[in-house]
Amino acid sequence: MTQFDILLRQGLMDANLTEYQKVFQRVEAGEPAFSPAYLRERRRALADPQGWVRRRSGGRRRLDWRLIAIAAALLLLSACAYAVATGQFSQWFPRIWMDPEAPETSEEIVSRMGTVIGESQTVDGTTVTLNAAVWDGRELRLSLTADVPDIPEDFEPPPGVFYDLECRLTLAERQREAYLRKEVPRILDGSYIDYTEEEREALLQATLEDPKGVRLWPDFRVVRWEDGTLFMEVRGLLYDYVEKPELTLHIENLAAYKLEEGEAPVFSAGISPDGTIITDHEVNDPFLKGPFDFTFTLDKKLSPVRYRGDIDASYENIPIRVSKITVMAFQVRADGEILVPVDPTGKDPDKLHISFEQELAMSVKGLWTADGEYVECIGETGFTCPEEGVQADEVELYGSPVHVVDPAQVTAVDIGGRRVELSGLERLDE
């Protein structure tokens, strides 16, 4: 892991946290309100499956094997069904922005991209449970709880970044090559360098030969600390290049940095030739020492919906052409180009400078769903810094809906105040 990798990763995490805080302040938490009859029947079935079958069979001694099969299927899916019935995904993932006006709808959407795991491991008296995963085809979220008996009663988890350089999230070896053959070109396409086909292939082969495999750097955050239990959320980017990805989460020596009040960590860490991880900051004793290893398969995702078109998204004096729109449960992205050279620093008078206020204004501002609802988005925009002589900038306009959405139900997108009807675009294959 190079110094640049760490700086880039930290910058992205801090930017996301800053952006999400705006939404946390605006969205109130809501409790799902399912039908009492539905919840009652579900509780009965899960609490006493055999009794439920007897009642459904009219009290007959000889049980109907069709009903037994139904009960077996119900039990097989009971963890996920129970999560939907009780709003468990909302409890596991309190940072997912649920719709306070329709919590039941939000819970149902999240359950369709949620995998219930429920695996626990105990190391030296500390028990960590991986509750569930939620995946929208790009962003992966994991819910963890940790019973840590040795943490002092006055322990206050820091709101910032943890020392987690010894933690990792890896993809199964059998899925590695298929993932990399799509991920490496995506990274190269987003770089500032115009690689030749030979260079691209050489970089791909070098990555395939790397024995470390695909490492998806997880970002650990403490949601709350209550009665000796840490509630945590882990995030990472995982693109939907392979079906039902099998992942392993490795947790080791997760610790808080020793920082003065109000101080933020500055990273210039790296890995020495002998494999020792170097960091400029001292860390406290690990609160999750481990090691803990959880291997699981993502059975569900709420697939992104992608559209292609030729869209004029110009804003004020900024000529923008959007060619692709991707709608996900947690984010909407519009990819295109700015048709004039851009200087982000504002120092070059011959190039366009875009202010921060303009970036906010020309981002994805909202979306419309099939039922006519307008869902506001909080977001920004980003664009590449091309080399001298390049006459166009790639641009990424994005926004995060103030509550989770079903991508298939989104009918239009608000880009910088302009309504773009998705029905008029070409829908791409999954």
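A salt bridge is taken here as a side-chain nitrogen of Lys or Arg within 4 Å of a carboxyl oxygen of Asp or Glu. The structure is a predicted model, in which local features need pLDDT of at least 70 and side-chain atom pairs count only at pLDDT 80 or more, while totals for chains, interfaces and linings use all residues. Residues are numbered from 1 along each chain as its sequence is written, and side-chain values use heavy atoms, with hydrogens and water left out.

**Overall architecture**

The chain contains 10 helices and 22 strands, assigned as DSSP runs (helices: H or I, at least four residues; strands: E, at least two) and numbered from the N terminus. Of its 430 residues, 47% are buried; buried denotes under 20% relative accessible area, exposed over 50%, and partly exposed in between (1.4 Å probe, protein chains only). Among contacts (heavy atoms within 4.5 Å) with a separation of 6 or more, 68% join residues 24 or more positions apart. The accessible surface of the chain is about 22500 Å², and carbon and sulfur atoms contribute 50% of that area; the areas come from the Shrake-Rupley method with a 1.4 Å probe.

**Salt bridges**

Side chains of opposite charge can pair when their charged atoms come close. By the rule stated at the outset, the count is 19 salt bridges. Three of them are tabulated below.

| Pair | Closest N to O distance |
|---|---|
| Arg 112 and Glu 108 | 2.8 Å |
| Asp 219 and Arg 221 | 3.4 Å |

Asp 312 is partly exposed at 36% relative accessibility, and Arg 418 is partly exposed at 35%.

In the pair of Asp 219 and Arg 221, Asp 219 is buried, with a relative accessibility of 13%, and Arg 221 is buried at 7%. For the remaining tabulated pair, Arg 112 is partly exposed at 31% and Glu 108 is partly exposed at 34%.

Salt bridges also connect Glu 139, Arg 141, Glu 233 and Arg 235 in a network.

**A negative patch**

Asp 194, Glu 197, Glu 198, Glu 199 and Glu 201 form a negative surface patch. Patch residues have over 30% relative accessible area and no salt bridge, with like charges joined within 9 Å. Asp and Glu count as negative, and the place of the charge is taken as CG of Asp or CD of Glu. Glu 201 belongs to helix H9 (residues 197–208) and is partly exposed, because its relative accessibility is 38%.

Note on methods
Patches are made of residues with over 30% relative accessible area and no salt bridge: like charges are joined within 9 Å, nonpolar side chains (Val, Leu, Ile, Met, Phe, Trp, Tyr) within 5 Å.
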